[in-house]
Amino acid sequence: MSRRLLVGVLLIGLHVFVGVTLISDLPFGLLGSVLAWVYLALSAVLMRYGVLVRGAGNTLLAWSGLLAMGIFSSLSIFSLLRAFTLALASLLGWESSGFAQGSALVVIAAVAVVTLFGLLNARRTARVVERDISLRNLPAALEGFSIVQLSDIHVGPTIKQGYIDAIVKRVNGLSPDLIVITGDLVDGSVADLAEDIAPLAQLSARHGVYVVTGNHEYYSGADSWIAEFERLGMVVLLNRHVQIEHGGARLVLAGIADYSAELFRPSHRSDPIAAFAGAPNDIPRILLAHQPRSAKAALEAGCDLQLSGHTHGGQFWPWMHFVQWQQPWVAGLQRVGEMQVYISRGTGYWGPPLRFGAPSEITRIRLVRADD
């Protein structure tokens, strides 16, 4: 059985499970039950197309499918929890028609709350998260040096020009010394999204804007996007570094291709050692790496601070609890050996336009000297 067919069977099975275990206990009568089954059938169809549609003419279909995906994610999780609770209650002799009906209504209410608040949180402009990060070898002239990190914006089916313009205005209002973007800027082709991503050309920082590729750039034509990023005035760090001079002091800023880039473009194999090749060892060395799991290789390359994204902080409950199946950390400032890693929860979102329990962020990092 192919992977796509297996996913389709599982998806239909989950919709049937929700219908069988939940609908009969809802106090909405025959008409309500019919409408609920119709919705589940429509959901199963829309979810398939939500992640596949591309192009400006498919915005409504994309919104419908991706929102249906988010709603069903919550609906299936809460329904599974309810089924477990009912089974436990039955074993303990606590089952009753009133409990079954009440718990079914609780599921519907919980899904509505998660969806409503998740949608509002996803669609608002990301708030600024302030973070001081101390480095042992930071020159006095770099005390207070500010880096604004953006990550995982995912310009695409539901994130358009207005969303990006609001981010740009908020970032520029911070007057940063440096702006970095740690991958997954886009979900689609340059032809489809060039107009939507255009406001990023207005990003302004004293020492410029730097970007690395994420896995989604490779789904969408990485070479074309690298050229487009450069055209917009952003510097792409593809397994290389630059030295930034500030107040007479210097720091190394390196960037690597996404951890999985080699699967799509063998010549883009993620390589922190190549990225730092020839860089001084006695000044701060910062690495932009889309995925947190690049940290081990970054440490071996002599990195002091790695800035990453990719995880979205889990984006919405309960998926943050599953991120560590693939990545060593979910979000925030972490440490591995003598190196620190900051993982952004992301500035946009992917897939369902929902964020619940994992708010988006524009991260303003201030470098400070560590106590000796």
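This briefing walks through the overall build of the protein chain and a few of its aromatic pairs. The model is predicted, so to speak of local features pLDDT must be at least 70, side-chain atom pairs count only at pLDDT 80 or more, and totals for chains, interfaces and linings use all residues. Residues are numbered from 1 along each chain as its sequence is written, and side-chain values use heavy atoms, with hydrogens and water left out.

**Overall build**
- The protein chain holds 10 helices and 12 strands, taken as DSSP runs (H or I, at least four residues, for helices; E, at least two, for strands) numbered from the N terminus.
- Its radius of gyration, over C-alpha atoms, is 23 Å, close to the 21 Å of the globule rule for 372 residues, so the chain is as compact as a globular protein of that length; the rule is 2.2 Å times the number of residues to the power 0.38.
- Buried residues make up 52% of the 372, where buried means under 20% relative accessible area, exposed over 50% and partly exposed in between (1.4 Å probe, protein chains only).

**Aromatic pairs**
- Seven aromatic pairs are counted; rings of Phe, Tyr and Trp (its six-membered ring) pair if their centres lie within 6.5 Å, with planes under 30 degrees apart stacked, over 60 edge-to-face and the rest tilted.
- Tyr163 and Tyr349 pair edge-to-face, at 6.1 Å centre to centre and 80° between the planes.
- Tyr163 sits in helix H5 and Tyr349 in the loop between strands S11 and S12, so this pair ties together parts 186 residues apart in sequence.
- Tyr218 and Phe264 are stacked, at 6.0 Å and 25°; Tyr218 is buried at 8%, whereas Phe264 is partly exposed at 37%.
- Ring pairs link Tyr218, Tyr219 and Phe264 into a cluster.
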